[in-house]
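Dear colleague,

I am passing on the structure we spoke about, and my notes on it follow below. Please read them with the structure open beside you.

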Amino acid sequence: MIRQTDLANFSWPNSIAAAKTLQLQLRDAVIINDPSCMPEFKTVAGVDVAFRENGAVTFAAVVVMGFPECEILEQVTAQVPTNFPYVPGYLSFRELPAILEAWRKLSLQPDFMMCDGQGIAHPRKFGLACHLGVLLDIPSVGVAKNRLVGEALEPGIAKGQKQPLDYNGEQVGWVLRSRKGVKPLFVSPGHKMAMATSVNLVESCCLKYRLPEPTRIADKLSKTRT
């Protein structure tokens with residue numbers, strides 16, 4: 001884990017090879033289980049990123065909400081120069097510097113977070129939600145709009161229908177129908193989060209739209225010009 005005071009000085013890999021090495025090192029710290037003394041979650045953070053100036057600037061948004069009501073308690077943004085290329089499977093290295101810069105501005109520390117991205121449903125089982133969860137030592141879940149790895153049956157069309165997402169003979173997440181008749185979401189635990197808990201929390205935050213409220217509002221904020 002990186003201490004909050006160290007986030008600004010954290011050294012990021014500058015090559016794909018170095019990024020892969022770091023992923024393989026850090027994934028050993030990932031815990032796919034609920035804490036032994038499971039806290040009562042009262043707040044949740046939604047995290048999302050947008051790119052500006054033809055990708056030269058990374059703009060991150062973090063929204064803290066009450067759980068499960070999803071009322072907004074705090075929202076922060078940050079932007080930094082983009083210093084890592086777009087390479088599927090390594091997006092955390094492109095997005096995390098801005099996310100961590102925004103996170104440092106929070107006055108509230110959420111009980112868990114939802115990221116617009118993958119958790120362990122990733123080629124090396126270390127997507128954005130895992131990376132951020134390990135660095136900040138906070139329970140996290142990935143909520144992705146598209147599949148990165150794995151196979152699953154198509155869930156039923158009704159809201160709440162879901163199917164296990166399997167990869168290399170192991171369940172790595174869920175394919176969740178978050179709203180009747182819309183494309184499903186791909187939910188996977190990131191850190192300190194059991195498989196069943198991850199999808200239950202996401203379902204709790206899917207109120208009216210395809211996306212759960214924390215990442216939906218973070219997505220809107222990341223695209224807002226100020």
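Is the crossing of H2 and H3 left-handed or right-handed? The crossing of these two helices is right-handed, a term used when the near helix is turned clockwise from the far one by less than a right angle, anticlockwise being left-handed. This is a predicted model, in which local features need pLDDT of at least 70 and side-chain atom pairs count only at pLDDT 80 or more, while totals for chains, interfaces and linings use all residues. Residues are numbered from 1 along each chain as its sequence is written, and side-chain values use heavy atoms, without hydrogens or water.

Helix H2 (residues 91–103) packs on helix H3 (residues 128–136) at an angle of about 40°, with the axes 11 Å apart. H2 is therefore oblique to H3 (angles under 35 degrees count as roughly parallel, over 145 as roughly antiparallel, 65 to 115 as roughly perpendicular and the rest as oblique).

Ala60 has Ala78 in S3 as its bridge partner. The two strands form a hairpin with five residues between them, and Cys70 in the turn has a positive phi of about 65°.

Overall, the protein has five helices and eight strands, taken as DSSP runs (helices H or I of at least four residues, strands E of at least two) and numbered from the N terminus.

Best wishes

Terms used
Two strands pair if DSSP finds at least two bridges between them. Axes are lines fitted to C-alpha atoms, for helices over the stretch in contact, and angles run from 0 to 180 degrees between N-to-C directions.
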